Amino acid sequence: MIKIGIIGMSEGNAHPYSWSAIINGVADGAEIARVGYPAVADYLAANRATLGIPGAKVTHVWAQDTAIAESIARATGIDHVAGSLEEMAGHTDAVILARDDPEHHRAMAVPFLEAGVPLFIDKPLAISREDLAWFAGHAAEGKFIMSCSSMRYASEVMSAKAQLGALGPLQLVTATGKKDWVKYGVHMLEAVFSLLGDPQPLTVRHTGRQGKDVVTVEFANGVIAVIHLFMDISPTFQLSVFGERNWRLVDITNSYAMFRDNIIEFVRSVQEGRPRLEFGTTAAIIGTLIAAKESREQGGITIHIH
């Protein structure tokens, strides 16, 4: 049994509750709804038959507020509330840093990288070149670091990927989503990269503005992706992929399934002793995310990805 620690919380991110429930097979919907996530309680209840990941259990939880950690533990069947990150590092086989505030990821990762504990870091891994380089250095030293958006494992993306051959040579991908670039642009990038087989990005340009992000990415294989992320639209995650002969709409709606498959990939990685997702793939996506932010801040200039 792999003993997993989970770290929470950042504002608006319910992953410490949902991911712990998916792994442990325990979900107190009333408690999860009480703390502000009724939609999470609903999809966990709807998928109760497949809750629980064989061979793994979340045994420890830590949060910046003990009351938050105790709530996560009650709601998802976690036995121990850790007093510190260092304590968690000494009692777990792997850790999920389930916070999507990348400015804190580096500091929170230190105890686990020093202890050699396999670490999954919620998206986005980093939002500065300095922090990305820091994580890349540790990965190059053989430290176990895995990070991605669960969009990589969305069943809708996998289905479309299997049918790309019928579209002919690909020319264009458009992607549309709601909310901010830093925390949600990474979802759209992950879906696009995964759909296309993780091609090398060459250039990035942001031609929108904050709250109305429009980002163009040119890939080495000739495909161009245009990503739209707007705060004031109805919630959606969708891709349209265009080839010379046909096109396909990909409407991504099943959050539960992609979360579960992402967790399974992490557990399998821990069992195999190395991340099944190469760090270079994550670095390319996070580098693109950062470059788009820099382009907007510099008036929409084209950033070349190295």
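Helices (H or I, at least four residues) and strands (E, at least two) are DSSP runs, numbered from the N terminus. The structure is a predicted model, in which local features need pLDDT of at least 70 and side-chain atom pairs count only at pLDDT 80 or more, while totals for chains, interfaces and linings use all residues. Residues are numbered from 1 along each chain as its sequence is written, and side-chain values use heavy atoms, with hydrogens and water left out.

Helix packing comes next. Axes are lines fitted to C-alpha atoms, for helices over the stretch in contact, and angles run from 0 to 180 degrees between N-to-C directions. The axes of α7 (residues 129–140) and α11 (residues 279–297) come within 10 Å and cross at roughly 170 degrees, which makes α7 roughly antiparallel to α11. Angles under 35 degrees count as roughly parallel, over 145 as roughly antiparallel, 65 to 115 as roughly perpendicular and the rest as oblique. The axes of α9 and α11 also come within 10 Å, but cross at roughly 130 degrees, so α9 is oblique to α11. Among the residues making this second contact are Trp181 and Phe193 of α9 and Leu289 of α11.

The backbone has some features worth a look. Most residues other than glycine have a negative phi, and most peptide bonds are trans. A cis peptide bond joins Gly8 and Met9, with omega about -10 degrees, and Met9 sits in the loop between β1 (2–7) and α1. Another cis bond links Lys123 to Pro124, with omega about -15 degrees. Lys179, in the loop between β7 (170–178) and α9, has a positive phi of about 95 degrees although it is not a glycine. Lys179 is partly exposed, with a relative accessible area of 35%.

Conventions
Contact = heavy atoms within 4.5 Å. Buried < 20%, exposed > 50% of the residue type's maximum accessible area, 1.4 Å probe, protein only.
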